[in-house]
Amino acid sequence: MKTENKDSMKQRKRNIKLLISYDGGNYHGFQRQNNSLAVQNILEKKLEILFGDTIEMAASGRTDAGVHAYGQVVNFFTDGTIPIDRVVRAANSLLPNDIVVKAADEVDFDFSARHSAISKIYIYRIQQGEILDPFLRNYTWYIRSGLNLVAIQQALAYVVGEHDFSAFQAAGSVPMLPVRTIYEATCEQKGSIIEFSFFGNGFLYHMVRNLVGTLVNVGTGKTTPTRFKEIMDGKDRKKAGATAPAQGLYLKQVNY
């Protein structure tokens, strides 16, 4: 367990920002765990070897078990002297193949991967067809029946803007202000894959997966687009759809 406090960490000489990509299938989420293996456990352990001191990182967000990331962002303070242009290659030589450092930068001390973020993009992928593609089973939600994309897109129009998303917040999650702004919400067919994209200033716990679960009900005709809006306006999680499986979700991009 990490013991150094944040103030002592900030007394170090450098603040390092990393762009991380990972396959979340083998991990119990991003956040460090004491009794389970998480992405942060691996990153901190390997980076401690590279930088020669204790690493305690902050992340832009805590992805759940099984969730993937193209563009997770982390930062940490260090006295390590490795040149920044050597960090990517050196880190990747230590990390397992399902966690990759894509970029490294030395940033100002007031930069925080979590608190400096102004917006994020998440995508969610559904595989459709008569037969499951086994090579996509860990990276999509397989739904055999066809979905009505026109109806889904009609419902998605209600998501755009500033709203109270209490209906799509995980039941029993830590209380927080449920109002978020979604700048863009889309759904596109790409071959056998239906891809949702949500671009917003922030997301509640399980918000994207709960949105997708409810939108799938719209796509199957179980829920109308108008009823979807009523569910959102009603702010009752019990009225919304089931939580979509974790393996279809990806943190695509974090903007600062």
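**Aromatic pairs and a helix packing**

In this predicted model, Phe-165, Phe-168 and Phe-228 are joined into a cluster by ring pairs. In total, the count of aromatic pairs comes to 11.

Since Tyr-70 belongs to strand E3 (residues 68-78) and Tyr-250 to strand E10 (residues 249-255), the pair ties together parts that are 180 residues apart in sequence. As for accessibility, Tyr-70 has a relative value of 32% and therefore counts as partly exposed, whereas Tyr-250, at 6%, counts as buried.

Another aromatic pair, that of Tyr-122 and Phe-203, is edge-to-face, with 5.1 Å from centre to centre and 80 degrees between the planes. Here Tyr-122 comes from strand E5 (residues 119-128) and Phe-203 from the loop between strand E9 (193-200) and H5, so that parts 81 residues apart in sequence are tied together. Tyr-122 is buried at 11% relative accessibility, and Phe-203 is likewise buried, with a relative accessible area of 16%.

On the H4 side the contact involves Ala-151, Ile-152, Ala-155, Leu-156 and Val-159, which meet Leu-211, Leu-215, Val-218 and Gly-219 of H5. By class, this contact has eight nonpolar residues, one polar residue and no charged residues.

Notes
Residues numbered from 1 in each chain as written. Predicted model: local features only at pLDDT ≥ 70, side-chain atom pairs only at ≥ 80, totals over all residues. Heavy atoms only, no water. Contact = heavy atoms within 4.5 Å. Helix = DSSP H or I, 4+ residues; strand = E, 2+ residues; numbered from the N terminus. Nonpolar A, V, L, I, M, F, W, Y, C, P; charged D, E, K, R; others polar. Phe/Tyr/Trp six-rings, centres within 6.5 Å; stacked < 30°, edge-to-face > 60°. Buried < 20%, exposed > 50% of the residue type's maximum accessible area, 1.4 Å probe, protein only.
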